[in-house]
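Grab a pencil and work through these exercises with the sequence and the 3D view open. Try each task yourself before you read its solution.

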Amino acid sequence: MNRILLISTYFGSWPKWFPAFIVSCARNQDVDWLFLTDCQVAGLDFPNIHFISMTMSEFNSISSRALGIRVQKHPYSQLDLRPAYGEILSEFSAGYDFWGHVDVDVIWGRIRHFVTDPTLEECDIFSSRKDCLAGHFTLYRNSPVVNAIYRLHPEWKCIMGEE
């Protein structure tokens, strides 16, 4: 079975529906979840869910080093970096066949019921929206070519760099 890592970077305070969201993640035991956050995580202990505590400033530094540009994002604008997570967070996605980004305002059903291995074998990028990336759920094949695909956009440095 293809190994999938879903990533969320979230800074500030968890929304009131976060407990329902995290239970829906935990029930998808065939998917791993990674949260980079400055929010409280005490008492959230599930085998397929991992939290890395960091500030927005630390995330900007990690992103700057990985991308080779000065990144100075804010809690909401840092979502621009999502297509580059494969490079920014490569140490965490190593060993996974696919990595993806998600929003925390989705209550998940059985992801692998819909995202099957035969489906994944036919694509390098899988999105919940036809013909475009979806912020709330997009998967990327974990390969150097796909992880760097964002660099094909002529203004990627402007989009991901300083505002």
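**Exercise 1: a loop residue**

Thr55 sits in the loop that links β3 and α2. Helices (H or I, at least four residues) and strands (E, at least two) are DSSP runs, numbered from the N terminus. Before we go on, note that this is a predicted model, in which local features need pLDDT of at least 70, side-chain atom pairs count only at pLDDT 80 or more, and totals for chains, interfaces and linings use all residues. Residues are numbered from 1 along each chain as its sequence is written, and side-chain values use heavy atoms, with hydrogens and water left out.

Task: Work out whether Thr55 counts as buried, partly exposed or exposed, and find what Thr55 touches.

Solution: 
- Step 1. Get the cut-offs: buried means under 20% relative accessible area, exposed means over 50%, and partly exposed is in between (1.4 Å probe, protein chains only).
- Step 2. Thr55 has 37% relative accessibility, so it counts as partly exposed.
- Step 3. Contact means heavy atoms within 4.5 Å. Leaving out residues up to four places away in sequence, Thr55 touches Phe11 and Asp38.

**Exercise 2: a helix residue**

Task: Find out why Asn60 counts as buried, and list its contacts.

Solution: 
- Step 1. Locate Asn60 in helix α2 (residues 56–67).
- Step 2. Its relative accessibility is 4%, so Asn60 counts as buried.
- Step 3. Not counting residues up to four places away in sequence, Asn60 is in contact with Val71, Gln72 and Lys73.

**Exercise 3: strands side by side**

Task: Which strands pair with β2, and how many bridges join them?

Solution: 
- Step 1. Recall the rule: two strands pair if DSSP finds at least two bridges between them.
- Step 2. Strand β1 (residues 4–10) pairs with β2 in the parallel sense over six bridges. Here Ile7 has Leu34 as its bridge partner in β2, and Ser8 stands opposite Phe35.
- Step 3. Strand β3 (residues 49–53) runs parallel to β2, and five bridges join them. Thr37 has Ser53 as its bridge partner in β3.
- Step 4. Now turn to β1 again: it pairs with strand β4 (residues 98–102) in the parallel sense over four bridges. Ile7 has His101 as its bridge partner in β4.

**Exercise 4: covered faces**

Task: Which residues of β2 lie on each face, and what packs against this strand?

Solution: 
- Step 1. Side chains in a regular strand alternate between the two faces of the sheet.
- Step 2. Sort β2 that way: Asp32, Leu34 and Leu36 are on one side, Trp33, Phe35 and Thr37 are on the other, and all are buried.
- Step 3. Check the total: six of the six residues in β2 (residues 32–37) are buried.
- Step 4. Look at α1, whose buried residues include Phe18, Phe21 and Ile22. The buried residues of α1 pack against β2 and β3.
- Step 5. Compare β1: six of its seven residues are buried, so β1 is largely enclosed by the rest of the structure.
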